Amino acid sequence: MTGKPRKLGIVAGRGPLPVALADAAVAAGRDVFIIAIDGETSSEIDRYPHARVRIGAHGEFLRLLKESGCQDIVLIGGINRPDLTKIGLDFAGIKLLPRLVRWLAQGDDGLLRGIAEYLERDHGLRVIGAHEVADSLLAPEAVLTRAAPEPQHEADIDLAIHAALDIGARDIGQGAVACRGAVLACEDAAGTDAMLARVAEMDPAMRGQPGRPAGVLVKLTKPGQERRVDMPTIGVKTVENAADAGLAGIAVEAGGTLIVDSEAVAAAANARGIFVVGFGARRIADARR
């Protein structure tokens, strides 16, 4: 007889993913407890058992995980890189400080990998990826919309994949925008929405426009990325921002990108006349050559 699934702790940053994950986990029969990072997480999490914790209160964070009986933990949602001189670390956080400094020096991926290993080795928690809880959130290798990429879009997708791999290898970001054979923008710590806003402000001669779209947004995992804690994500807001920037579509790594409510994403893209497509590992391998 199969027992009840292990209780899931969700450490939630900003964006819609934490709630989407909680919805999927509960639908699969899991109990959940959400620890929301104060100032980052939306009020949508309030319909689930939860607590809000300031980012420097490390001891409280660990106490809540243990008292709530969480066995598995997912770290999900955006969070600003902490300034260790300003976050007011508690005693437990001060004890962890030397390791935090070392992880921060290794970039975002090093920080997240370090935190995951610390929670597992020092506190007996199992850190898992959102896709291990809800694989329905993963992008499929398919066209999700009525519109599909045309030959120029396919060439731009390949160019943007190459650009995204380059910045990903340097732990800078997970996405890029290409249009008519030129890379217009690459993602940085400010994120995808900020990159699309920069594209929207460019000379219309360089990019597409609403009504005359051109160019694509590509998102994919960084080479060697810790997939349990920082997978690329798109949602309805991504679609709206891409359309406002005049892009013709969005292409994401199938099996390596999370889509928040794929039906709503497809509907939003259809309403704006742009495509959303998932591409496979072979295309990424070809871009590396």
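Q: How many helices and strands does the chain have?
A: The model is predicted, so local features need pLDDT of at least 70, side-chain atom pairs count only at pLDDT 80 or more, and totals for chains, interfaces and linings use all residues. Residues are numbered from 1 along each chain as its sequence is written, and side-chain values use heavy atoms, without hydrogens and water. Helices (H or I, at least four residues) and strands (E, at least two) are DSSP runs, numbered from the N terminus. The chain has 10 helices and 12 strands.

Q: What radius of gyration does the chain have?
A: The radius is taken over C-alpha atoms, and the globule rule is 2.2 Å times the number of residues to the power 0.38. For 289 residues, a compact globule would be near 19 Å, and the chain agrees with this at 20 Å.

Q: Is alanine 25 buried or exposed?
A: Buried means under 20% relative accessible area, exposed over 50%, and partly exposed in between (1.4 Å probe, protein chains only). Alanine 25 lies in helix α1, residues 17–27. Because its relative accessible area is 0%, alanine 25 is buried.

Q: Which residues is alanine 25 in contact with, leaving aside its neighbours within four places in sequence?
A: Contact means heavy atoms within 4.5 Å. With those neighbours left aside, the partners of alanine 25 are Leu8, Arg30, Val32 and Val133.

Q: What distance separates the C-alpha atoms of alanine 25 and alanine 130?
A: Along the chain, alanine 25 and alanine 130 are 105 residues apart.
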